[in-house]
Amino acid sequence: MSSTSTDRASDHVTADARTVRGVSELQAEIASWHAEGMTVGYVPTMGALHEGHMALVEAAQQRNDRVLVSIFVNPLQFAEGEDFDRYPRMERADLQRCAAADVDLVWLPDSAELFPGMGKAGGFGITVDIPAISGLLCGQRRPTHFSGVATEMARVMQIVGSDDMYLGEKDFQQLVLLRQVARDLALPIVVHGVPTVRADDGLAVSSRNLYLSAEERAVAPQFYATLSDAAAQLARPGSTVDAVLDLTRVRLLEAGFTEVEYLELVSSTTLESKTATAPSDRLVAAVWLGSTRLLDNVELALAP
Ligand code: AMP
């Protein structure tokens, strides 16, 4: 019996992407692509996929012949009391979204295979860390977070092998960290940063936006708006970095944010704190809205 075009259209909308779970199965797929001379673009995610993740997929599709997405909520990067258990998990919807975007393969790693025997004698035991980066900014309140990211991602990059990996500028510290992990470990993978995707009102799209109440969601766009104003002020000749940052902290609190966890001007390559501006410096911040933490950053628009 032949299906109608309407049937085929709905089949396409509800289809799941092709998946693999095991490392050897994944590596066999990648090896077969490489054997055909194709390059692989890798997009690591924790799922609950949104337009931000899909921008990474599009960037990969532009450069690479095949696109691999992984979905894995990495337990190493959550400290006790953080949101590991309540982090949104929606595998079926994610696989449909990947299928609709023509992702070639989705890797669903298994924790036990990724970290075999962790916590037992002779089990997975390495820690990868770059203390000069992981202690800064978000690392001040989350001292184990970035070593958790670096440890998992070093292993994952080693498993995937080459060629290109795509990360969002939204998580700027993570991008700088993983660029250096790839460099320090001489991994043959090029790390690309993709600009932050925003809602129409400027709020950076994030899986954690799901936690915001309607009132909080109405305040949230003031984060990007206030950071953008501050970046414009910093770009003006004669502006004083400390004065602009102090005023911006006050403005964020006045806008309704509960707390400014940090607000700093940093070097976009080392994340070192800056007291004078230079082109491509980043204004980076974390704020709290009730029990939700929001992250964002803006590049300074300075003439070189
Ligand atoms: P996550 O699933 O939150 O770990 O994010 C996976 C990747 O998507 C990371 O490289 C993030 O930086 C990136 N990402 C998350 N939100 C956005 C966004 N709004 N725009 C661009 N990239 C994003």
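Reply: A polar contact is a pair of N or O atoms within 3.5 Å. The model is predicted, and the contacts below are read from it with that cut-off.

Me: Which element gives the largest share of the shell around the ligand?
Reply: The elements that contribute two or more residues are β2 (40–45), β5 (164–168) and α3 (51–63). The largest share is three residues, and these come from α3.

Me: What distance separates an oxygen atom of the ligand from an N or O atom in the side chain of Asp171?
Reply: Asp171 is among the residues that come nearest to the ligand, as are Met46, His53, Val197 and Val205. Met46 has a backbone N or O atom 2.9 Å from an oxygen atom of the ligand. For the side chain of Asp171, the distance to an oxygen atom of the ligand is 2.6 Å.

Me: How many charged residues are in the shell around the ligand?
Reply: The shell has 17 residues. Eight of them are nonpolar and seven are polar. The number of charged residues is two.

Me: How many charged residues are in the lining of the second largest pocket?
Reply: This pocket has a volume of about 220 Å³. Of its 17 lining residues, Ile71, Phe72, Val73, Arg89 and Glu91 are the closest to its centre. By class, the lining has eleven nonpolar and two polar residues, and the charged ones number four.

Me: Why is the pair of Phe72 and Phe115 tilted?
Reply: The count of aromatic pairs is five. In this one the ring centres of Phe72 and Phe115 are 6.3 Å apart and the planes stand at 50°, so the pair is tilted. Phe72 is in the loop between β3 (66–71) and α4 (91–100), Phe115 in the loop between α5 (111–114) and α6 (131–134). Planes under 30 degrees apart would count as stacked and those over 60 as edge-to-face, so the class for the rest is tilted.

Me: Which peptide bond is cis, with omega near 20°?
Reply: One of its residues, Asp163, lies in the loop between α8 (145–160) and β5. The cis bond runs from Ser162 to Asp163.

Key
Residues are numbered from 1 along each chain as its sequence is written. This is a predicted model: local features need pLDDT of at least 70, side-chain atom pairs count only at pLDDT 80 or more; totals for chains, interfaces and linings use all residues. Side-chain values use heavy atoms; hydrogens and water are left out. A residue is near a molecule or strand if one of its heavy atoms lies within 4 Å of it. A polar contact is a pair of N or O atoms within 3.5 Å; within protein, one must be able to donate a hydrogen and the other to accept it, and residues adjacent in sequence count only if both atoms are side-chain atoms. Helices (H or I, at least four residues) and strands (E, at least two) are DSSP runs, numbered from the N terminus. Ala, Val, Leu, Ile, Met, Phe, Trp, Tyr, Cys and Pro count as nonpolar, Asp, Glu, Lys and Arg as charged, and the others, Gly among them, as polar. On a 1 Å grid over the protein atoms alone, a cavity is a set of points where a 1.4 Å probe fits but cannot get out, and a pocket is an open set with protein on both sides within 12 Å along at least five of seven lines; lining residues have an atom within 4 Å of a point. Grid points are joined across faces, edges and corners, and a volume is the space filled by probe spheres set on the points. Rings of Phe, Tyr and Trp (its six-membered ring) pair if their centres lie within 6.5 Å; planes under 30 degrees apart count as stacked, over 60 as edge-to-face and the rest as tilted.
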